[in-house]
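Work through the exercises below with the structure open. Try each task before reading its solution.

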Amino acid sequence: MDQDAVFHLSQVSMARNGKEILKNIDWTVPAGRVSIVLGPTGSGKTSLLRLLNRLDDPSSGEIRYMGAPLSSIDVRDLRVEVGMVLQQPFLFEGTVLDNILYGCRLHGMDVDPAEITALVGIDEAMLRQDVSTLSVGQSQKVSIARAVALRPRVLLLDEPTSGLDPTSTVQVEELVSGLVRALGLTCVFVTHRIEQARRLGHRGILIIDGSRVEEREIEDMLSSPADERTRRFLNGELR
Amino acid sequence: MSQLIASTVLIVIAVVLVEIKRLGVGRDILKGTVRSFIQLMAVGFALKFIFGLEKVQYQVLLLLVMVVVAAYTARGRAKSMPGAFKVSFVSILSGGAATLGVMLALGIIDASPSYLIPLGGMIIGNSMNALSLSFERVSSEVKQRRGEVEAALCLGASPQKAIEPLVRRSVKASFIPMLNLMKIVGIVQMPGAMTGMLLAGADPVDAVRIQLVVIYMLVASTTITMLVGATFTYRGFFNRAWQLRA
């Protein structure tokens, strides 16, 4: 197994209500890079991501995190180390500050809110603002800040720009790249947008109908697809 | 008994009216009349028998049977919530036992069947209704706000912590019928215990006094039931890996 691997999946399958959603996935997530999970809508990308912080468990196969079987790690510890930002920014009632400090208060961690706002690019004046007054773009930034405040080793992002306008999308992409550089984070980013994958990613895995089609450097995958299904996806035939 | 026989005239009037209007429910009213007569007479004789049993063990046994039936009924409102029966049973039992215990300890009531059974029945019935409402609401909140719960889980929150705001909202909403009753009691609505005593010829002030005791008793028992219920409600929605059940 790769020494620098954060996650290593072997023959991972997942079924729900009798339907197979993921089929025999082999995948290695390298440390300190942005790994893209790419694929058409409904292909199983989110289901794959949810396995990494145990929001769901696979039906068969094995997932290892830092060399240890995922199921052997305390769920609370795992979720503190492996932060996740959901597609929709579900914020808790209260202020921006309440949200940023939510996890830290839960786990008794000391954090300087100013440091987090600077890191994520949130205006400090916003800290006292009620979250109900935020735009979707601002809310997504707060949900990223909330995850980053716990100082995770890995950040999982499930199509965090899907509800955003082009300007906010670029801001979130720059934020993610900046966090990976500044904190040495390992990032797993789910998207169905090819250009976004190209802008953000280092490595990529392409999932179609729950199966792994390709896994390699994203630029190579997008410029010279090795599989007919990859070509069809890139040509917009599978969306 | 002559009063009871005479009062059946009211049923006859109702049946005649629905038959004239051809609403097609005349037979149902008659069936319902016979059924309610048999049920209530049976309950009357059963209570007469139970009131004759002086031993506290029998009363406790009967109250336990009532708690089981109430817990089963409350569970029916939350079929998607695993373990709802256990939570209901423990919650209703705690609310009932604590409230009746305090009333006995303070000498508000005697440990006689004529107090324990009807008051116990009121406590259990009200707790069941409040708990059912709360279960129904929390189940639908979890369904609607799955993302909010999972956002908390993603930050390492325990299931209890993740579901806490939803449970709090549901419990708060379940208090509304009781709080409304306290606002309008005696003005818009004459409550059951007071009405019964007035019909039986009791002094109105005595009737009010008992009714107030009943209301305070129900406030306490419902509160305890709801809070105990809230403490355990979260369990049914999660598995051991802190994952929301599908």
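Predicted model: local features only at pLDDT ≥ 70, side-chain atom pairs only at ≥ 80, totals over all residues.

**Exercise 1. State how many cavities of 30 Å³ or more the search finds, and give the volume of the largest.**

Solution. The search covers the whole structure and finds one such cavity. The largest cavity has a volume of about 70 Å³.

**Exercise 2. Describe the interface of chain A and chain B.**

Solution. 
Step 1: count residues. Chain A brings 23 residues to the contact and chain B brings 15.
Step 2: take the area. About 1700 Å² is buried between the two chains, and carbon and sulfur atoms give 61% of that.
Step 3: list the polar links. Seven residue pairs are in polar contact, both residues at pLDDT 80 or more. Two salt bridges cross the interface. One salt bridge joins the side chains of B:Arg169 and A:Glu93, at 3.1 Å from N to O.
Step 4: locate the chain A side. Helix H2 (75–81), strand E6 (82–85), helix H3 (96–106) and helix H5 (136–148) of chain A each supply at least two residues. H2(A) gives the most, with four residues.
Step 5: class that side. The chain A side has 12 nonpolar, three polar and eight charged residues.

Terms used: Residues numbered from 1 in each chain as written. Chains lettered and ligands numbered in written order. Heavy atoms only, no water. Contact = heavy atoms within 4.5 Å. Buried area = accessible area lost by both parts, 1.4 Å probe. Salt bridge = Lys/Arg side-chain N within 4 Å of Asp/Glu carboxyl O. Polar contact = N/O pair within 3.5 Å; in protein donor to acceptor, adjacent residues only side chain to side chain. Nonpolar A, V, L, I, M, F, W, Y, C, P; charged D, E, K, R; others polar. 1 Å grid on protein atoms, 1.4 Å probe; cavity = no way out; pocket = protein on both sides within 12 Å on 5 of 7 lines; lining within 4 Å. Points joined across faces, edges and corners; volume = space filled by probe spheres on them.
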